[in-house]
Amino acid sequence: MKAHYDILIVGAGPAGMAAALAAAPSGASIAILDDNPAAGGQIWRDGPQVELPAMARQQRQALAEAANIALYNGVRVVAAPGGKQLLLEDAQQGHLVSYDKLILCTGARELLLPFPGWTLPGVTGAGGLQALIKGGMPVNGQRLVIAGSGPLLLASAATAKRAGARLLRIAEQAPLAALAGFAARLPRWPGKVLQAITLRDARYRSGTQVLAALGTDRLEAVRLSHNGKVSEFACDRLACGFGLIPNTELGQVLGCALVGRAIQVDAYQATSLPDHFAAGECTGFGGSELALVEGSIAGYAAIGDLRQAKARFAERQRWQGFADLLGETFRLNERLKTLAAPDTLVCRCEDVPYSAMASHGSWVEAKLESRCGMGACQGRICGAASDFLFGWHPPKPRQPISPARIGTLAALSDDEQTDQPHETRA
């Protein structure tokens, strides 16, 4: 890895790949950093049980053919020490890399809300289950319930069924009226109509909420409420997710402004910080189509080709309309705030129950008194849950933004970079 790049891109999902390819014709030196073993992000995650879509294969091939794009996998951003520099860590060592322009394509993570039994073995996020299966985890013959909200439930169900799982129920919290309105407006995006038809499942139920995961040492059953009627399903796995949360930690540390939970960008995907851009789900959830067009706009803008960037505005507006429809349809019901019992863990890293947090007035106060958010995930799970449950907004993240080795932190004062990480092509 070189010590300096003209354009540094954090995240090799659809947005990051599109940004690199848009900027490549300029001849600028470009590096893409990603902590996964291959390009594609969460939506195009590779693995032994994965058949990548044609678009993902095309993007990878295009990256491989661009001589001025270097892809570094298995690399995490640890800190932003200032002066347009990032401290990175791979499996061997730390690296300090500088840049002229930075494009954040850091994606999103699942919103997990606490309910009784949600920490039992056998309970995962909906996207988490999908990633585990793609990585080779066997689920053949296992009884599965998927619950929560959003289109990820159907995608996760499809992945699990292909791997041989016995799907018992898809429990969507959104009401039938909202889903009917969604279906009526979907023809504006014909490709999404076909996708919906492909993913539909007779075990899908609207107006259905998870109440509890039941079991002693591991998951044994799931209790659901369907329009007020309670039922239980004996099962081996429960996958439960309530939408996505933008990954903004790096953007916040750098000093980028937020709008709501997402990184704020202008028409050219520029953040509030000069020479820093953002694209994809770190700027708001919208799916791979929106991420691709936002990434290309950011890439063009980073090399100063505003004409090409502007030519993609109409397409972005079209897919932003779909993103807005998703947000409207799958808005979370306030009743989900009542799922947790007093002894239900909210911060599972530090074993902090709901009762120990609900008595406080802010995230900082609760953290000082209960240690919530001080575990391995550094508040990424319980912080987002607390935002929904209590309306708390955690303060700006502190550095390092991810756990790091002492040797990596020592690279901050080491001017010479010696052994370099393995560079791969997409």
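Colleague: What makes E4 and E5 a hairpin, and what is the phi of Gly82 in the turn?

Modeller: This is a predicted model, and in it E4 and E5 form a hairpin with five residues between them, where Gly82 in the turn has a positive phi of about 105 degrees. One of the positions to look at is Arg76, which stands opposite Glu89 in E5.

Colleague: How do you know that E5 also pairs with E6, and in which sense do they run?

Modeller: Five bridges join E5 to strand E6 (residues 94-104), and the two run antiparallel, where at least two bridges are required for a pair.

Colleague: Why is strand E5 called mostly covered?

Modeller: Four of the five residues in strand E5 (residues 85-89) are buried, a word that stands for under 20% relative accessible area.

Colleague: What makes H1 mostly covered, and what covers its buried residues?

Modeller: In H1, nine of the ten residues are buried, among them Pro14, Gly16, Met17 and Ala20. What covers these buried residues includes strand E1 (4-10), E2, helix H2 (54-65), strand E3 (69-73), E6 and H8.

Colleague: At what angle do H1 and H8 pack, and what is the crossing called?

Modeller: The axes of H1 and H8 are 7 Å apart and the helices pack at an angle of about 35 degrees, in a crossing that is right-handed. On the H1 side the contact is made by Pro14, Ala15, Ala18, Ala19, Ala22 and Ala23, and on the H8 side by Ser288, Ala291, Leu292, Gly295, Ser296, Gly299 and Tyr300. Sorted by residue type, the contact of H1 with H8 divides into nine nonpolar, four polar and no charged residues.

Colleague: Which hand does the crossing of H8 and H10 have, and how do its residues divide?

Modeller: The crossing of H8 and H10 is left-handed, and the axes of helix H8 (residues 288-302) and helix H10 (residues 313-329) come within 9 Å and cross at roughly 145 degrees. Glu289, Leu290, Val293, Glu294 and Ile297 in H8 meet Phe313, Glu315, Arg316, Trp319, Gln320 and Ala323 in H10. The residues of this contact divide into six nonpolar, one polar and four charged.

Colleague: Why is Ser29 called buried, and where is its place?

Modeller: Ser29 has a relative accessible area of 16%, and because buried means under 20%, the residue counts as buried. The place of Ser29 is in the loop between helix H1 (14-23) and strand E2 (30-34). Leaving aside neighbours within four places in sequence, Ser29 is in contact with Lys2, Tyr5, Asp6, Ile7 and Asn68.

Colleague: Why does Gly375 count as buried, and which residues is Gly375 in contact with?

Modeller: The relative accessibility of Gly375 is 10%, and because the limit for buried is under 20%, the term applies. Gly375 lies in the loop between helix H12 (363-370) and helix H13 (382-390), and, leaving aside its neighbours within four places in sequence, Gly375 is in contact with Cys349 and Glu350.

Colleague: What makes E12 and E14 edge strands?

Modeller: The open sheet has three strands in the order E12-E13-E14, with antiparallel pairing, and strand E12 (208-214) and strand E14 (229-234) are its edge strands, as each pairs on one side only. Neighbouring strands of this sheet are turned by 25 degrees against each other on average, direction ignored. E12 and strand E13 (residues 221-226) pair in the antiparallel sense over six bridges, and Leu214 has Ala221 in E13 as its bridge partner.

Colleague: How do you know that the radius of gyration of the protein agrees with that of a compact globule?

Modeller: For 426 residues a compact globule would have a radius of gyration near 22 Å, and the protein has 22 Å, so the value agrees. Of these 426 residues, 52% are buried.

Definitions and conventions: Residues are numbered from 1 along each chain as its sequence is written. This is a predicted model: local features need pLDDT of at least 70, side-chain atom pairs count only at pLDDT 80 or more; totals for chains, interfaces and linings use all residues. Side-chain values use heavy atoms; hydrogens and water are left out. Axes are lines fitted to C-alpha atoms, for helices over the stretch in contact, and angles run from 0 to 180 degrees between N-to-C directions. A crossing is left-handed if the near helix is turned anticlockwise from the far one by less than a right angle, and right-handed if clockwise. Contact means heavy atoms within 4.5 Å. Ala, Val, Leu, Ile, Met, Phe, Trp, Tyr, Cys and Pro count as nonpolar, Asp, Glu, Lys and Arg as charged, and the others, Gly among them, as polar. Buried means under 20% relative accessible area, exposed over 50%, partly exposed in between (1.4 Å probe, protein chains only). The radius of gyration is taken over C-alpha atoms; the globule rule is 2.2 Å times the number of residues to the power 0.38.
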